[in-house]
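Try each task before you read its solution.

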Amino acid sequence: MVTPSYAQTVPVPKPAPKARDPLNDQQRGPATTGSMAVPNPVIPDPHRNVPASLFGTFDANQKAQAARVSSYLSSLQTLAGNFIQVGPDGSKTKGEFYIQKPGKVRFEYAAPSPIAIVADGSMVAVRDRNLATQDIYPLSQTPLRYLLSDRIDLLKDTNVVSVTADDVFISVTIEEKQLLIGTSRLMLMVGAKDGQLKQWTVTDPQGYDTTVAVYNLDTSKRFDPGLFKIDFSDRVNPG
């Protein structure tokens, strides 16, 4: 929603990507509280060319769309639901997630995946139950921080390089350049009609995409603080 040196691809260990065609299917129906049909993640075209736009190049409509996404993300305090993740090779995993702002999240992957991801507000742990290991990363080095920030103005607080909208999605792409790691991107997609989070895609510095689609969203739940606790006494694999 693992390259050891870069936490933006933490959801699952990734095999070498295979050639694949973008999916043309789109999610149907709003992701509202309660049960709904499982979405089919919309996989971005791997050959897409995202322009390195600057704030001043966005027109009034693009700025309004970005502001709408910012307002929605800022309004969330808790969020729970199900997710489907598609790796760079097209493999799919699924599970449940829990978000408590600011800074806390838990992704529980369904069997047979042994992975769980926990953020406690400052650090992120990627646990492997089969190996009894966990990798620890600063939350500030992962794209999770944009979803977990208490309040955010995407155009002011991030480097937005693309804002697009159609009848189905509003998509905002954020680019990050880090000297030692390279350039990565995060594309957030919300519903054009209901304004709710639908999915995100992380593109790592090697150009590999990991897409996470979310559904059965619930903003009313309150969570046990233990969900977001990292046990630092566990064996840790250094990144």
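## Aromatic rings

One aromatic cluster is formed by F83, F97, F107, Y109 and W200. The rings of Phe, Tyr and Trp (its six-membered ring) pair if their centres lie within 6.5 Å; planes under 30 degrees apart count as stacked, over 60 as edge-to-face and the rest as tilted. This is a predicted model: local features need pLDDT of at least 70, side-chain atom pairs count only at pLDDT 80 or more, and totals for chains, interfaces and linings use all residues. Residues are numbered from 1 along each chain as its sequence is written, and side-chain values use heavy atoms, with hydrogens and water left out.

**Exercise 1.** Find how many aromatic pairs the whole structure holds, then classify the pair of Y98 and F223.

*Solution.* 
- Step 1. Searching the whole structure gives six aromatic pairs.
- Step 2. Take Y98 and F223: their centres are 5.7 Å apart, with 75° between the planes, and the pair is edge-to-face.
- Step 3. Locate the two partners. Y98 is in strand β2 and F223 is in the segment after β11, so the pair links distant parts of the chain, 125 residues apart. Strands (E, at least two residues) and helices (H or I, at least four) are DSSP runs, numbered from the N terminus.
- Step 4. Check burial. Buried means under 20% relative accessible area, exposed over 50%, and partly exposed in between (1.4 Å probe, protein chains only). Y98 counts as buried because its relative accessibility is 17%. F223 is buried, at 14%.
- Step 5. Move on to F228. Its ring centre lies 6.0 Å from that of F223 and the planes are at 75°, so this pair is edge-to-face. Both F223 and F228 are buried.

## Strand β9 and its partners

**Exercise 2.** Which strands pair with β9, and in what sense?

*Solution.* 
- Step 1. Apply the rule: two strands pair if DSSP finds at least two bridges between them.
- Step 2. Start with β8 (residues 169–178). It pairs with β9 in the antiparallel sense over 10 bridges. I174 has L186 in β9 as its bridge partner.
- Step 3. Turn to β10. β9 and β10 pair in the antiparallel sense over six bridges. Here M187 stands opposite T201 in β10. This hairpin has five residues between its strands, and G195 in the turn has a positive phi of about 70°.
- Step 4. Look at the covering of β9 (residues 182–191). Seven of its 10 residues are buried, and the strand is mostly covered.

## Backbone and loops

**Exercise 3.** Locate the cis peptide bonds that join K101 to P102 and A111 to P112.

*Solution.* 
- Step 1. For K101 and P102, omega is about 0°. P102 is in the loop between β2 (92–100) and β3 (104–109).
- Step 2. For A111 and P112, omega is about 10°. P112 lies in the loop between β3 and β4 (115–120).

**Exercise 4.** Where are A132 and N216, which have positive phi values?

*Solution.* 
- Step 1. A132 has phi near 55°, and is a residue other than glycine. It sits in the loop between β5 (123–128) and β6 (133–138). A132 counts as exposed because its relative accessibility is 53%.
- Step 2. N216 also has phi near 55°. N216 is found in strand β11.

**Exercise 5.** Is P205 buried, partly exposed or exposed?

*Solution.* 
- Step 1. Find P205 in the loop between β10 (197–203) and β11 (209–218).
- Step 2. Its relative accessibility is 25%, so P205 counts as partly exposed.
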